[in-house]
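Dear colleague,

I am passing on the structure we spoke of, with some notes on what was found in it. Please read the notes with the model open beside you.

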Amino acid sequence: MSKSKESLSELEQRVRSCQDILLANMVMMSEMPAPTFHEEDRVRFLLDRFREAGLDFISDDEVNNGIGFLPGPDGAPTVAIAAHLDTVFDVTDSHALSLGNERIHGIGIGDNSLGAAVLASLPHLIQALEIPLNVNIWFMGVSRSLGRGNLGGLRFLLDNGTQKFDQAICIEGAPLGRLNFSSLAMMRGEIEIAVPDQYDFSKFGVMGAIVHMNDVINRILEIPRPSRPQTSVVFGSLHGGNSFHELARTCTLRFEVRSESDEVAGMIESRIGDIIEEVRSRSGVEISLNKIAHRSHGGLRFEHPLVQSCQDVMQELEVEPKIGPSMSELAAFIARDIPAVTLGISNGHLINTKDEEMEIEPIYKGITQVLGVLMSMNAEGDSQ
Amino acid sequence: MKIDQWLKSNSFHHSNFWDVKQLVADKEKQNLKISLCIPTLNEEKTIGKEIVIFRSELMTRYPLIDEIAVVDSGSTDKTMEVAANFGADTYFSGDILPEEGFKRGKGENLWKAIHQLNGDIIVYVDADITNIHPRFVTGLVAPLIYQPETKYVKAFYERPLAFSQGIRPSGGGRVTEILTRPLFSLFFPELTALMQPLSGEYAVRREVLEEIAFPIGYGVEISHLIDVYTRWGLNAFAQTDLDKRVHRNQATRDLGKMAFGILQSFLNRTQQLGMVEVKSEVSKILRQFQVNGEIIEQNEISIIEEERPPMKTIQGYRDKFGL
């Protein structure tokens, strides 16, 4: 055990020797805007990196995924390493990144420019550091993951690709120690209220769209939620009206229902539908529920060999596992019975804000962790 | 007109030089050494990524650059520490050729770099570029590698200015358009073909750099152009379109200082060439005004464009390079 610990520590030092390549990929990847559905520049960059590393079957597809293949020995299991390329930021936001001695500042770096940059760097690292692997690897930069993308890129690949995967590792920028192996049931929705032009304020009272939305929110909060299975409703954004002095004619709420149970999530979704019908009939406003994204509950058991191997590697690297469910790419793999985990690379701060930053030092450990998990996969493969 | 011919033969787009592998092969065939110099003064926010990108892409992946040096005027922030941390050679300008003394200014750093660095070609890239990319070097050195007659390559670009609300698509080059190009139109019409004569990114052969004088302040670029033009002609120049260059916006008052320094250097050169005659000593004080309440206040700013002589005349340099 101590020998393998020493070995991973040594590997971490060798990963560190590739600092230039890693950080340059991170800077260049981060500075390319990639709002969901507009990941083209990042795909081009990723494929260039794959080409330079000599991967096989390098290609993109009609939804802007970028993939490349590193063959292993005959009969070796096949692993997918996936990172989403999109960010929540718009093209018009400044994507300039600042690299200090200890931290990197820049929008989208944690979610998920760093993960995408690690994906771009891994083929080079595996070859330059002569990492002994007994697996075939598909490197997959996936598009359309966030928000309305609803994991569209990865779903497209899994539904239309001919590749068969024995296991999958999803890479996220943050946090180091992140270990997800189960997916929550989730419904992401958008409720829109619009007050019609001919609205009869005398009949319904002087209330704009915001007050009606407030009513909807209060009613959603009144829906009973069990403590087990864990369930929550997250209100992510609220936008309505344009001024101080005029009643808001429109209001939009974005929310997410999460649960460890498909049944409970479905029940809450159904209750929200009832609430919307009731508010519509009582108020006379136009109100609609648009379902943006959906996930089913599922995942690996704690004892699964892939989960255990991740924990062993983390322990050797003295990384504290942060175990929890996820709604990222992992869900798409698990929904197709492909054992999958999500790993984080470094520690981030103020993720998905304009003041986002990541720590540099943990990155080397985070990458070593991914390489360690790959090295732990043997030719027999792990079955679920 | 010669300009049309020159624009066709000596103006490039960086994408013409996408094949860095080929560039390296040609460089090695000619046994050339290339040095990158980044002059700095308090650039801790942008210097790190410049170093990392150039090292990764143009040293580790493709050995196009032989050394990366930061030559600093005395930063009070972490510029030097960050640059060294990411692998650049770092020098305080005052420590280079100490017997020649130290003057504070970007031109001083560029001049001292000729002595400190060893390349046959030196590429100068400013440190305040927020969208740094390998093209800022490959686009400039490629014409020197592929065209032996080319001696001095200037960058040009669209110049979006960074604002708090995002990026504005145009608006850079104000001093160029209202001062430099009109002056060139009057006195050196062929130099008007250089799209951005004041850009801080250029690559030059050592044989040229060591022969020309260096104003230490704002006038260094315009003096270079006039000196190289009068000695080697328009065909010594090439220019490369590097697409966008995102950088800090400068206040109009700061551009006034820049224009004042450039005018001084321009007058010096044109007097030396006998093209204009200034019969009395000109003032070195720039006067700017501001209204404070009901009082109009005058700011007097002393801007003296000192000049370093051609490096070839410096004994320390001659000793180092065996001249």
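Ala80(A) stands opposite Trp138(A), a residue of S6(A). The two strands concerned, S3 (residues 78-84) and S6 (residues 136-142) of chain A, pair in the parallel sense over seven bridges; strands here are DSSP runs of E with at least two residues, helices are runs of H or I with at least four, both numbered from the N terminus, and two strands count as paired if DSSP finds at least two bridges between them. This is a predicted model, in which local features need pLDDT of at least 70 and side-chain atom pairs count only at pLDDT 80 or more, while totals for chains, interfaces and linings use all residues. Residues are numbered from 1 along each chain as its sequence is written, and chains are lettered from A and ligands numbered from 1 in the order in which they are written.

S3 and S6 belong to an open sheet of eight strands in chain A, with mixed pairing and the order S1-S2-S6-S3-S7-S16-S8-S15. Its edge strands, each pairing on one side only, are S1 (56-60) and S15 (322-323) of chain A. Helix H4 (residues 109-128) of chain A packs on this sheet, where it touches S2 (66-70), S3, S6 and S7 (167-172), and its direction makes about 145 degrees with that of S3(A). Helix H9 (residues 305-316) of chain A also packs on the sheet, touching S7, S8 (178-180) and S16 (340-344), with a direction about 20 degrees from that of S16(A). Such angles run from 0 to 180 degrees between N-to-C directions, with axes fitted to C-alpha atoms, for helices over the stretch in contact; two residues are in contact if their C-beta atoms, placed from the backbone, lie within 7 Å.

Elsewhere in chain A, Phe235(A) lies in strand S11 (residues 231-240). Phe235(A) counts as exposed because it has 12 C-beta neighbours inside 10 Å (exposed means 12 or fewer other C-beta atoms within 10 Å, buried 20 or more, partly exposed in between). Leaving aside neighbours within four places in sequence, Phe235(A) is in contact with Ile217(A), Leu253(A) and Phe255(A).

As to confidence, the mean pLDDT (the predictor's confidence in each residue, from 0 to 100) of chain A is 92, and 95% of its residues reach 70 or more. Over residues 1-6 of chain A, however, the pLDDT is below 50, and this stretch has two contacts in the model beyond near neighbours in sequence.
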